Amino acid sequence: MDLLEYQAKDLFREMGIPVLPSQRIESPKDIKGLKIPYPVVLKSQVYIGGRGRVGGVRFAENTIDAIAAAQTIFNLPIMGEYPRVLLAEAKYDADREFYLAVVLNRSIRRPVLLGSQHGGVDVQAAIDQMQHVIVDQEFSPYFARRLCLKMGLQGNLIESVSAILEKMYRLFIQKDLDLVEINPLGVSPTGEVMALDGKVTVNDEARQRHPELSTLLDLEEQGQLVAFHEGPVTLDTAGQIGILCNGAGLTMSTMDQVFQAGGKPVCFLNIGTETHWDSSASTLQERLAQGLETMAQMKSVKVLLINLISGLVTCDQTAQVIVDFLKRRIRPVSSLAERRPETRSSQMRLPQLVVRLVGDQGDRARLLLEEQQVTLVEHLDEAIAQAVALAQMLPGNS
Ligand code: GDP
Ligand code: MN
């Protein structure tokens, strides 16, 4: 389970990771009692990422602007989720934004340090430049330094970023976490660093051992919804293109580009990033399998555009999930239950697939998909053009 940003930042503060002075806002009128000097940034406290892109993070220069911004954010659902509180923070003057994370790699059961000099809202840039160091022995500052060097950091930044990574690691171990992420770590023109956004995922099995975290999570369970677990978000019932991506930023930008190319998205589904787990579907592959089934059952989805970017999970692993899904859908009818027309028709429903996968082992993924007559598309532009063209060729669309 995830913590909200302000809860993650409370843990950061305790651990000595630099965070800005901040205040919780429970209603727009709380803005009048703000103790932080202007300009401030107001941030929607929802569980989903990608708030920046959709207007969930706003800057304000004075009280009037801040009240208006708070009203807007309280009324803005992000992937279906309304915030119950906002976080007001001093504005930080960052001229660069890094990505840092400590994450448990489930397949090797070791923590991994991740870092990129291109953090912030552009998910793709962060992923393209992502470096990692596996903590395969007892932790020492050496692992953190090695990541900094791989990231290409120089001068004082090597020391300051290493120090933050060490503290993130300590928090990760102390609280038995699945993920500690800072994105972005703001770097000021003078080289100071500041955690501007934070994400912490608590390991479900470790909850009993950490009553302090359980209280935070209990708050969360009282009527909170985690948007993407609820399924696809429907946009325009006249559309035909379903979009399935991993990560909120990627989902939003893919949808945006489909619109721009003249396509009509009917719904989108964000299956979550690699570093997002919950108890019901713990790996990216499982969430992909689930997502494919859900999207295929939506009658309105005639074309399914799959756009996945992964670093730890390889493309052939994700391709295999797609192959298994296709095989399930076209397998011979073998049981009585499957002969029932209603089960059969839903089982046979298969949207036309356009697949783009970014990551390692692309060639193996290509071969796997080709066996199922699915072409792996390399560039996003091309994938979008194909999806739009397929949708236009559908009956009733000429
Ligand atoms: P996310 O989009 O949900 O990941 O939300 P973030 O908290 O990462 O905010 C999105 C973007 O807003 C960040 O990448 C920053 O560029 C910017 N941002 C957030 N907080 C601050 C801040 O305190 N100061 C400045 N200058 N920028 C901020
Ligand atoms: Mn962020």
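Trainee: Where is arginine 109 found?

Mentor: Look between strand 5 (96-105) and strand 6 (110-116): arginine 109 is in the loop that joins the two. Keep in mind that this is a predicted model.

Trainee: What makes arginine 109 count as exposed?

Mentor: Set the value against the cut-off. Exposed means over 50% relative accessible area. Arginine 109 has 58% relative accessibility, so arginine 109 counts as exposed.

Trainee: Which value does phi take in glutamine 361?

Mentor: About 65 degrees, again positive in a residue that is not a glycine. Glutamine 361 sits in the loop between strand 15 (352-358) and helix 12 (362-370).

Trainee: Why is glutamine 361 called partly exposed?

Mentor: Buried needs under 20%, exposed needs over 50%, and partly exposed is what lies in between. The relative accessible area of glutamine 361 is 37%, so glutamine 361 is partly exposed. For the whole protein, 52% of the 398 residues count as buried.

Trainee: How do you know that the peptide bond between tyrosine 38 and proline 39 is cis?

Mentor: Read omega. For the bond joining tyrosine 38 and proline 39, omega is about 0 degrees. Proline 39 belongs to the loop between strand 1 and strand 2. A further cis bond runs from asparagine 183 to proline 184, where omega is near 5 degrees. Proline 184 lies within strand 8 (residues 177-187). Most peptide bonds are trans.

Trainee: What makes strand 1 and strand 3 edge strands?

Mentor: Strand 1 (22-25) and strand 3 (57-60) each pair on one side only. The open sheet has four strands in the order 1-4-2-3, with antiparallel pairing. From one strand to the next, the twist averages 25 degrees.

Trainee: How do you know that strand 1 and strand 4 pair?

Mentor: Count bridges. Two strands pair if there are at least two bridges between them. Strand 1 and strand 4 (residues 86-90) have four bridges, in the antiparallel sense. Within strand 4, alanine 88 stands opposite glutamine 23.

Trainee: Which helices lie on these strands?

Mentor: Helix 1 (residues 5-15) lies across strand 1, strand 2 (40-44) and strand 4, at about 45 degrees to strand 4. Helix 2 (residues 63-74) also packs on the sheet and touches strand 1, strand 2, strand 3 and strand 4. The direction of helix 2 makes about 15 degrees with that of strand 2.

Trainee: Why is helix 4 called oblique to helix 5?

Mentor: Start with the angle. The axes of helix 4 (residues 141-151) and helix 5 (residues 156-174) cross at roughly 130 degrees and come within 9 Å. That angle makes helix 4 oblique to helix 5. Roughly perpendicular covers 65 to 115 degrees, and roughly antiparallel needs over 145, so an angle between those classes is oblique. The crossing of helix 4 and helix 5 is right-handed.

Trainee: Which residues of helix 4 and helix 5 meet?

Mentor: From helix 4, the residues include Pro141, Ala144 and Leu147. On the helix 5 side, Ile158, Val161 and Leu165 are among them. By class, this contact has eight nonpolar, one polar and three charged residues.

Definitions and conventions
Residues are numbered from 1 along each chain as its sequence is written. Chains are lettered from A and ligands numbered from 1 in the order in which they are written. This is a predicted model: local features need pLDDT of at least 70, side-chain atom pairs count only at pLDDT 80 or more; totals for chains, interfaces and linings use all residues. Side-chain values use heavy atoms; hydrogens and water are left out. Axes are lines fitted to C-alpha atoms, for helices over the stretch in contact, and angles run from 0 to 180 degrees between N-to-C directions. Contact means heavy atoms within 4.5 Å. Angles under 35 degrees count as roughly parallel, over 145 as roughly antiparallel, 65 to 115 as roughly perpendicular and the rest as oblique. A crossing is left-handed if the near helix is turned anticlockwise from the far one by less than a right angle, and right-handed if clockwise. Ala, Val, Leu, Ile, Met, Phe, Trp, Tyr, Cys and Pro count as nonpolar, Asp, Glu, Lys and Arg as charged, and the others, Gly among them, as polar. Buried means under 20% relative accessible area, exposed over 50%, partly exposed in between (1.4 Å probe, protein chains only).
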